[in-house]
Amino acid sequence: VSVVVIGFVAWSNIRGLSVSRLGRLLRVGLLNLALSAAIVIYGLATLWNPSAIVQSIDVAAGMPRISDVVFAAVLAGVAMIGIESASGLAGEIRVGGRALGRVVILSALAVPLVLIGMSVVGLMALPVSGGTTLLESTWINDPVLGVVSQFQPALARDVFSAAAGVVAVTVLVLAANGNMLGLSRLGYSLATNRQIPSPVGRLHPQRATPYVLVTIASVIAFLLALASDISFLAGLFAMGSMLAFTMAHVSVIMLRFREPDAPRAFRLPLSIKVGKGTVPIPALVGAVTGLGAWVSVLVLHQGARVAGGAWMLFGVLMYIVYRKSQGKSLAKRFVIPEQSLRDDPDVEYGSILVPVFGDAIDDDIVGTAGRLAAEEADAGEADEVIIEAIYVLEIPLSLPIDARIPQERIDEAKRALRRAKEVGEEYDGVKVETAPVRGRKVGQVIVSEARRKGVELVVLAAENVTKSRGGTLLGGRGGPRDRAYGEVTTYVVEKAPCRVILTAAPAGEEGTRDAVAAD
């Protein structure tokens with residue numbers, strides 16, 4: 001069963017997550033929440049017996065050990081936080097500030113209510129007798145089925161049992177899938193920032209998914225599953241989740257100082273002014289609580305302490321050895337483009353064409369090309385990689401192609417090309433050659449120069465698509481445009497004789513770029 005489930009999860013993540021699959025994942029999560037709420041409501045209505053809980057408290061028998069209470073609290077916190085699912089799906093969700101606030105408030109209220117309600121109903125259905133309950137013995141691996149086994153009449157018991165069984169299996173498989181998705185994104189981030197060796201983060205040539213990392217993680221997951229030790233696996237999972245939970249809160253606090261004026265869809269309340277930034281009290285409480293919980297797992301859980309500690313030590317040592325072998329600083333950030341992770345040994349970038357336009361985004365474009373070229377030179381594929389920076393001087397059809405160009409446009413072209421040379425040659429093994437080029441259409445000039453110079457890659461700033469749509473009333477030619485980008489970008493992607501990398505800024509974030517490779 002483990003082989004089948006883990007194999008399915010690996011195949012699913014290598015294939016990639018589509019919008020429809022994401023929708024199914026979210027719907028099943030809502031179905032699980034709805035079923036849990038239904039079990040709580042039906043159980044409270046048919047099994048109501050507060051004395052079953054009160055009578056189970058035996059002060060004379062002594063309180064549970066502090067270590068057990070702390071570890072149980074940490075596991076409960078991991079279950080309620082769900083950080084592994086949130087981190088895996090956050091990148092696929094676009095939501096406004098108000099809607100995000102409602103989601104946060106709803107999840108903060110609904111999830112604890114359902115989990116606490118399930119605990120109450122569980123103790124009413126299978127109360128403590130003689131210091132123990134069937135929930136910790138007979139039904140320890142299937143607690144929800146144990147609760148519904150006490151429902152009456154038999155029809156209700158059978159319906160809830162069947163629903164719980166089907167939903168539980170589905171949710172567990174999708175939870176594993178969501179965890180692997182988060183790992184895939186983390187591995188991609190580590191690889192592009194040169195924190196793990198590039199071969200480990202290698203991307204699938206067609207799917208652009210980190211198939212090597214997914215395969216390694218699947219093998220490790222299967223080996224861990226062979227242990228069949230729920231306590232060991234829960235402790236290991238709690239350790240990782242609490243560490244991630246702590247880091248997330250620390251990151252929120254750090255961003256308030258590093259980027260205090262950055263636009264935010266949702267801002268934590270109850271902030272206090274500290275120096276040039278602010279400290280959100282909820283994030284501070286979360287960071288301290290998470291750190292304490294993480295330390296408690298290390299102290300109280302031997303399996304997490306040994307296995308988790310060894311894993312973290314291995315990761316740190318691998319990072320140090322890898323960075324030192326590359327001659328890179330341990331503290332400085334290095335970013336490589338996604339294309340360098342592609343599993344395509346035939347791709348070599350001995351020369352790159354970069355059109356510049358004198359805009360603020362030119363540095364990003366040339367920087368992307370420079371990182372690609374430096375990676376090529378660093379890998380020994382070429383002694384020196386040439387970046388051909390061009391500035392297209394568009395000549396209208398009303399003028400001859402050799403018409404005189406105003407001096408201010410010439411000066412602008414010189415400034416843009418001079419800046420491109422400065423930025424590009426900051427990278428080792430990179431030489432930038434510049435030239436202004438005349439032409440009628442920008443896209444045609446770029447394609448023509450790429451073909452004439454025989455370059456192996458074009459790095460281009462993708463302009464946004466126009467929102468004009470058709471009908472003679474608006475001066476259009478038909479229905480809405482079906483292009484993802486504007487005319488220049490579309491023309492270059494369709495006509496270029498080589499690979500094209502497009503960079504485009506996220507909406508509202510000037511100067512920040514996402515790279516997209518196109519064949």
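Visitor: Which residues make the nonpolar surface patch of about 470 Å²?
Guide: The patch is made by I216, I220, L224, W311 and F314; patches are made of residues with over 30% relative accessible area and no salt bridge, with nonpolar side chains (Val, Leu, Ile, Met, Phe, Trp, Tyr) joined within 5 Å. A salt bridge here is a side-chain nitrogen of Lys or Arg within 4 Å of a carboxyl oxygen of Asp or Glu, and accessible areas come from the Shrake-Rupley method with a 1.4 Å probe. Please keep in mind that this is a predicted model, where local features need pLDDT of at least 70, side-chain atom pairs count only at pLDDT 80 or more, and totals for chains, interfaces and linings use all residues. Residues are numbered from 1 along each chain as its sequence is written, and side-chain values use heavy atoms, with hydrogens and water left out.

Visitor: Which element gives the most to the nonpolar patch?
Guide: Helix α9 does, with 3 residues; helices are DSSP runs (H or I, at least four residues), as are strands (E, at least two), numbered from the N terminus.

Visitor: And is W311 buried or exposed?
Guide: W311 counts as exposed, at 55% relative accessibility, while F314 is partly exposed at 46%; buried means under 20%, exposed over 50%, and partly exposed in between.

Visitor: How are the rings of W311 and F314 arranged?
Guide: Their centres are 5.8 Å apart and their planes at 35°, so the pair is tilted; rings of Phe, Tyr and Trp (its six-membered ring) pair if their centres lie within 6.5 Å, with planes under 30 degrees apart counted as stacked, over 60 as edge-to-face and the rest as tilted. Both residues lie in helix α12 (residues 302–325), 3 residues apart, about one turn of the helix.

Visitor: How many aromatic pairs are there by this rule?
Guide: The count comes to 5. One of them is Y42 with F160, a tilted pair at 5.3 Å centre to centre and 45° between the planes, which links distant parts of the chain, since Y42 is in helix α2 and F160 in helix α8, 118 residues apart.

Visitor: New topic: which residues touch the most other members of the largest nonpolar core?
Guide: Of its 28 residues, these are I352, V354, V356, I387, Y391 and V459; a nonpolar core is a set of buried Ala, Val, Leu, Ile, Met, Phe, Trp, Tyr and Cys residues joined through side-chain atoms within 4.5 Å. Helix α13 gives the most to this core, with 6 residues.

Definitions and conventions
Buried means under 20% relative accessible area, exposed over 50%, partly exposed in between (1.4 Å probe, protein chains only). Patches are made of residues with over 30% relative accessible area and no salt bridge: like charges are joined within 9 Å, nonpolar side chains (Val, Leu, Ile, Met, Phe, Trp, Tyr) within 5 Å.
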